[in-house]
Amino acid sequence: ATAGGLWQAAVMGFGGLVHGSDHLTLDPRLPEVWERLRFPIRSRGVKVVIDIQPERITLTLDGPANIALGQAAASGLTAGRYAATRSDAGWSAMQRVEE
């Protein structure tokens, strides 16, 4: 139970993961001393690997998913790898990354 609580604190707290009724929202806030937070989740049968760095987030999906970054509206993503960067204005749109 303790390990599960710690996982939730890291993923939902520092990772900013919120599982909504029809999409996932990510709004990460890593501590300054952390270089990375990486974790897999499964949402509606789709495996999503989330890799968060201070100024970049990368997602790898094995199927379609609706995902929002920060305050932006959710985007419908297909299977593949995507990345976004953070600036003072917030997160960029997710862009497909060729593997």
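With which side chain does the side chain of aspartate 27 make a polar contact?

Reply: In this predicted model, the side chain of aspartate 27 makes a polar contact with the side chain of arginine 29, at 3.5 Å. The pair also qualifies as a salt bridge, since that term requires a side-chain nitrogen of Lys or Arg within 4 Å of a carboxyl oxygen of Asp or Glu, and the closest N and O atoms of arginine 29 and aspartate 27 are 3.5 Å apart.

Aspartate 27 lies in the loop between β2 and β3. When its neighbours within four places in sequence are set aside, aspartate 27 is in contact with Gly15, Gly16, Gly70, Gln71 and Trp91.

By the salt-bridge rule the count comes to two. The other pairing is between the side chains of arginine 36 and aspartate 51, with an N to O distance of 2.7 Å. This pair links distant parts of the chain: arginine 36 is in the loop between β2 and β3 (37-43), whereas aspartate 51 belongs to strand β4 (residues 46-53), and the two are 15 residues apart. Arginine 36 is partly exposed because its relative accessible area is 45%, a value that falls between the 20% and 50% limits. Aspartate 51 has a relative accessibility of 14% and therefore counts as buried, the limit being under 20%. In general, side chains of opposite charge can pair when their charged atoms come close.

The strands around these residues may be taken in turn. Strand β2 (residues 24-26) pairs with β1 in the antiparallel sense over three bridges, and within this pairing histidine 19 has leucine 24 of β2 as its bridge partner. Both strands belong to an open sheet of four, ordered β1-β2-β6-β7, in which the pairing is mixed. From one strand to the next, the twist averages 30°.

Strand β4, which carries aspartate 51, pairs with strand β5 (residues 56-61) in the antiparallel sense over six bridges. A hairpin of two residues joins β4 to β5, and the bridge partner of glutamine 53 in β5 is arginine 56. Strand β5 in turn runs antiparallel to strand β8 (residues 80-87), to which six bridges join it; here threonine 60 stands opposite arginine 81 in β8.

Methods: Residues are numbered from 1 along each chain as its sequence is written. This is a predicted model: local features need pLDDT of at least 70, side-chain atom pairs count only at pLDDT 80 or more; totals for chains, interfaces and linings use all residues. Side-chain values use heavy atoms; hydrogens and water are left out. Two strands pair if DSSP finds at least two bridges between them. Axes are lines fitted to C-alpha atoms, for helices over the stretch in contact, and angles run from 0 to 180 degrees between N-to-C directions. Buried means under 20% relative accessible area, exposed over 50%, partly exposed in between (1.4 Å probe, protein chains only). A polar contact is a pair of N or O atoms within 3.5 Å; within protein, one must be able to donate a hydrogen and the other to accept it, and residues adjacent in sequence count only if both atoms are side-chain atoms. Contact means heavy atoms within 4.5 Å.
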